[in-house]
Amino acid sequence: MSLITLGALTAGGLLLCSEYEKKQLKVRRYEISHQKIPESFDGVRLVMLADLHARSFGEKNNRLYEEIRALAPDYILTAGDMILKTQPFDTEETARFLGKLAGLCPVYCGNGNHELKLRQIKAGRRTAYDWYTDSLRKKGVRVLSDETAVLERAGGRIDVTGLDLGLAYYGKGFHVPMRPDYLVRKLGEPAEGRFHILLGHYPNYFPEYAAWGADLILAGHMHGGTVRLPSLGGLMSPNYEFFPAYDRGLYRQGRSAMVVSGGLGTHSINVRVGGNYPEISLICLRRKGQARQEKHGNQG
Ligand SMILES: [Fe+2]
């Protein structure tokens, strides 16, 4: 067998694997305990979605909807890039899907780089971003654009903030240092003593998010590193960063934690290989010191 034939067979095999993996759905489970989590939030279940990129699992995303419904979430949080920045834009099916999820429980959406790029697409007197986010709001979905929502349960409160990270920070293959006052100028100071979740699409700024005061960061963007290699993890991020530090899973720094979703869809490099299944993240909040009644899940 010639090298060319062997190469072609290997490439064909990897593409077949990728097509199989892209159709799967995997629930990754995390437990986050923190002393700032109020008693009334102990055991609360958050479903985090990221990087759907306008994909559909089943007709009108019915398969994805049923998987999420079966998890009985108390809140659904999206960490950005649920749509594609295509022109002409086509966001209505994703908006309808998120609106349907809002029938299950409150849904809060943060913006990724794809949502922010919709602001550059003119559609009449408005932008594609205006059309998309207005549609979400009409369907009962809360969009957090450099905004904070307060979640309340039986007198207990936690905050959820959506960060619109400037597009200049998404360096193609290089890291752009963040201005020291950037997060405070955009978001203000987090409320003292309250558990604070940050929807920060791009995980590479974990140290900055933690220093700002986020207790739990929910991120995506990395698509699990596209191709996962044994012992080495994700090979490449969508912005061509090789072996990214935060490719998928749970990370900790001081008292802050970050869950990076492997994402649901793909774009540009439409490949998922090496157990890089589309992901629904289920995060159970625990007040530190409370007895645990649920088993730990897979944190891989
Ligand atoms: Fe992204």
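## Conventions and model

Two strands pair if DSSP finds at least two bridges between them. Helices (H or I, at least four residues) and strands (E, at least two) are DSSP runs, numbered from the N terminus.

This is a predicted model, in which local features need pLDDT of at least 70 and side-chain atom pairs count only at pLDDT 80 or more, while totals for chains, interfaces and linings use all residues. Residue numbers start from 1 along each chain as its sequence is written.

## Sheet containing β1, β16 and β2

Valine 47 stands opposite leucine 282 in β16. Strand β2 (residues 45–49) is joined to β16 by four bridges, and the two run antiparallel. Both belong to an open sheet of six strands, ordered β1-β16-β2-β3-β4-β7, with mixed pairing. At the edges stand β1 (26–34) and β7 (142–143); each has a single partner strand, so one side of each is left without a neighbour in the sheet.

Arginine 287 is placed in strand β16. Not counting residues up to four places away in sequence, arginine 287 touches Ile37, Pro38, Glu39 and Asp42. Contact here requires that the C-beta atoms of two residues, placed from the backbone, lie within 7 Å. Arginine 287 and histidine 34 are 253 residues apart in sequence, but their C-alpha atoms are 5.5 Å apart in space.

## Nonpolar core

A nonpolar core is a set of buried Ala, Val, Leu, Ile, Met, Phe, Trp, Tyr and Cys residues joined through C-beta atoms within 7 Å. The largest one has 70 residues, of which Met48, Leu77, Leu98, Ile217 and Leu218 touch the most other members. Strand β16 (residues 279–287) supplies the largest share of this core, five residues.

Leucine 77 touches Leu46, Met48, Tyr108, Val160, Leu199 and Leu218, leaving out residues up to four places away in sequence. In soluble globular proteins, nonpolar side chains tend to be buried together.

## Sheet containing β8 to β11, β15 and β14

A second open sheet, also of six strands, has the order β8-β9-β10-β11-β15-β14 and mixed pairing. Its edge strands are β8 and β14 (249–253), each pairing on one side only. From one strand to the next the twist averages 20°.

Strand β8 (residues 147–153) pairs with strand β9 (residues 156–162) in the antiparallel sense over seven bridges, and leucine 151 stands opposite isoleucine 158 in β9. The hairpin of β8 and β9 has two residues between the strands, and alanine 154 in this hairpin takes a positive phi near 45°. Leucine 250 stands opposite valine 259 in β15.

## Packing of helices α3 and α5

Helix α3 (residues 92–101) and helix α5 (residues 128–138) have axes that come within 9 Å and cross at roughly 25°. Axes are lines fitted to C-alpha atoms, for helices over the stretch in contact, and angles run from 0 to 180 degrees between N-to-C directions. The helices α3 and α5 are therefore roughly parallel to each other; angles under 35 degrees count as roughly parallel, over 145 as roughly antiparallel, 65 to 115 as roughly perpendicular and the rest as oblique.

The crossing of α3 and α5 is right-handed, meaning that the near helix is turned clockwise from the far one by less than a right angle. Glu92, Ala95 and Leu98 of α3 make the contact with Tyr132, Ser135 and Leu136 of α5. Leu98 is also among the core residues that touch the most other members.

## Individual alanines

Alanine 54 has phi near 65°, a positive value in a residue other than glycine. Alanine 54 sits in the loop between β2 and α2 (62–70) and counts as buried, with 21 C-beta neighbours inside 10 Å. Alanine 72 is not a glycine either, yet has a positive phi of about 50°. The loop between α2 and β3 (75–78) holds alanine 72, which is exposed, with 11 other C-beta atoms within 10 Å.

Alanine 8 lies in helix α1 (residues 3–22) and is exposed, with 11 other C-beta atoms within 10 Å. Between alanine 8 and glycine 213, which are 205 residues apart along the chain, the C-alpha separation is 50 Å.

How values were computed. A residue is buried if 20 or more other C-beta atoms lie within 10 Å of its own, exposed if 12 or fewer, and partly exposed in between; C-beta atoms are placed from the backbone.
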